[in-house]
Amino acid sequence: MSATSLLAVFVENKPGQTARITKILADANVDLRWVTIANSGSFGVMKFLVDKLEAGLQALRDKGLMVSLLEVLVVETPNRPGALQSVADLLGRNEVNLANCSGFVANNRAILILEVQELALARSVLEKAGLRPMTQEEMLRL
Amino acid sequence: MFWDQESETLSRPALEALQLQRLQQTVSRLAARVPFYQQKFAELGVGPDDIRRLEDVRRLPFTTAADLRAIYPSGLLAVEADEPVRLHTSSGTTGKPKAIFFSRNDVNTAADMIARSLVAAGITRADVFQNMMSYGLFTGGLVMHYGAERVGCLVIPAGPGTSERQLMLMQDFGTTAVHILPSYALYFANYLEQKGIDPRKDLKLRKAFVGAEPHTEQTRKRIEEAFGVDVYNSYGLTEMNGPGVAFECEQKAGMHLWEDCFLLEIIDPATGEPLPDGQRGELVLTTLKREAMPILRYRTRDITSVIAEPCPCGRTHRRIHRITGRSDDMLIIRGVNIFPQQIEQVLMSMPQVGRNYLIIVEGLDDLTVKVELSDRGFDGQVEHLAALQNQLVEKLKAEIWVRPKVDLVPPGSLPVAEGKAKRVLDKRSL
Ligand SMILES: [Zn+2]
């Protein structure tokens, strides 16, 4: 499997929600490696890359939160300006819709997280361009 | 002032004798002409000969809203099919409305009841009467219009137009009386304030008739203070001609129910047993003068009680207290009748929506629908949730004609409705 799964948690936009969720994960000894929050008016979605996916999922569900696993593609790009743009162009040319994209730099390595509808297509497009999506294990070793 | 002093001040024995005579006539006609009642009479083993005293009305069958819906669109006609001259309907909870037919005499009787009511509240032919209720199938428009015209007022059929247009009509034609929804009256008061208009100085309003939705004494006072007018409460329902069933006189202490046209009972809604005067229960009405579509013992689902004490105005027709509750949950938002069931239908048609929801009405008719997502309603993508939210707003708008705010919430986060799910939180202080 070269797809990576994120924990996606539905959150209502009210004070204390972020703290509550991160505390649940911490109490379950789940480490957060990366987080992003998408907001839309009265609600939002927090997406986490965690070290223990199943444990995190279970802990959040046990507390009554609505959680979903979100499969994403993670690729490493050259750490230089324009890298993101070229990946987006590449996907666009091959008619892959990029629903969301975020990136971070870890240990001087530029990492892109891509949310797409057409996972298989996107993967083959990336591989042909020499960008091999990372596995969950590789991600966690970053 | 009286419109029909003789009828309005009949002695109780004379009034009750008239009621009995009209009840007997009604039952005879139904037994001869209306299969729906023929069947009910047969089931109960009751017939016209059994109605010897007024109390015998209790032997007759109830008629419910569900009965009227089931018979839609044909109605319960007691006249030839070409006899009715008017149709009104009232909106239904489950899609089907109730159809009420009027003969020419019925139209006249309804207008007379309104005329009595308006004159009892001090309206004269010199008044300019702006009817701000919805015209069309809703009775609040046409039925009131005919009555005010009968009194001789100049009637402005304004309907539920914009506040700007209502104000223009009031200013241009010197409106002295309005027929208005209490919630809209409060909204309109706010509008005038924003426009810098002082109704006491800038308008000629002196009386307001409010009805078609339950409201409190406190709301009456607020409207009276806001406009500097006398506010009269009224009661009616489409099934019983619409407005003009019961109206306040100038005493403003309960609504005279026109007992020569309607036989009133108050029952325990749970058992159907009669309750004594003064005790709160469900109002049950029987038409006494209707030709096209007489209705026996109609369960109004409205909660009130009878004021038996004579009124200083001299009218002998007993009064009822303002309606303090409805057994069905109709909401009136910005003048639109909304049933929680309509909202539920839309929500339940979407697989992403869970079982529970909460309808909140607050402020000046702001409608919020909190919707629990179903477990499959969440795939981790905020865009899909936003799309669902927009879709719900549009679908609800199309169904109820009011644009709600939709809040998506996780499953299990709303209070669980117990038993008869009461999923409406009306925070309006009406
Ligand atoms: Zn009176």
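Me: How many residues of chain B are in contact with chain A?

Reply: In this predicted model, 18 residues of chain B are in contact with 21 residues of chain A.

Me: Which elements of chain B each supply at least two residues of the side that touches chain A?

Reply: They are α12 (382–400) and β20 (405–409) of chain B. The most is given by α12(B), with six residues.

Me: Let us turn to the metal site. Which protein donors surround the zinc ion?

Reply: The donors are C249(B) through SG, H256(B) through NE2, C311(B) through SG and C313(B) through SG. They lie 2.1 to 2.3 Å from the zinc ion. Along the chain, the donors follow the spacing C-x6-H-x54-C-x1-C. The pair H256(B) and C313(B) links distant parts of the chain, 57 residues apart. H256(B) belongs to strand β9 of chain B, whereas C313(B) is in the loop between β13 (306–307) and β14 (319–320) of chain B. Both H256(B) and C313(B) are buried.

Me: Why is the arrangement of donor atoms around the zinc ion called tetrahedral?

Reply: Four donors count as tetrahedral if all angles lie between 85 and 135 degrees. Here the four donor atoms subtend angles of 101 to 117 degrees around the zinc ion, so the arrangement is tetrahedral.

Me: How many salt bridges does a search of the whole structure find?

Reply: The search finds 31 salt bridges over all chains. One of the pairs in chain B is E259(B) with R12(B), whose side chains meet at 2.7 Å, N to O. This pair links distant parts of the chain, 247 residues apart. E259(B) is in the loop between β9 (255–257) and β10 (262–267) of chain B, and R12(B) is in helix α2 (residues 12–33) of chain B.

Me: Which residues are linked with E259(B) and R12(B) in a network of salt bridges?

Reply: The network also includes E16(B), D277(B) and R318(B).

Me: Where in chain B do K427(B) and E362(B) lie, and how do their side chains meet?

Reply: The side chains of K427(B) and E362(B) meet in a salt bridge, at 3.7 Å from N to O. K427(B) lies in the segment after β21 (424–426) of chain B, while E362(B) is in strand β18 (residues 353–362) of chain B, 65 residues apart from its partner. K427(B) is partly exposed because its relative accessibility is 48%. E362(B), with a relative accessible area of 30%, is partly exposed.

Me: Which residue forms a salt bridge with E55(B)?

Reply: The partner of E55(B) is R53(B), and their closest N and O atoms are 3.9 Å apart. E55(B) is partly exposed, at a relative accessible area of 39%. R53(B) is partly exposed, at 48%.

Notes: Residues numbered from 1 in each chain as written. Chains lettered and ligands numbered in written order. Predicted model: local features only at pLDDT ≥ 70, side-chain atom pairs only at ≥ 80, totals over all residues. Heavy atoms only, no water. Salt bridge = Lys/Arg side-chain N within 4 Å of Asp/Glu carboxyl O. Helix = DSSP H or I, 4+ residues; strand = E, 2+ residues; numbered from the N terminus. Buried < 20%, exposed > 50% of the residue type's maximum accessible area, 1.4 Å probe, protein only. Donors = N, O, S within 2.8 Å, 3.2 Å for Na, K, Ca; no water. Tetrahedral: all angles 85-135°; square planar, octahedral: opposite > 155°, others 65-115°. Contact = heavy atoms within 4.5 Å.
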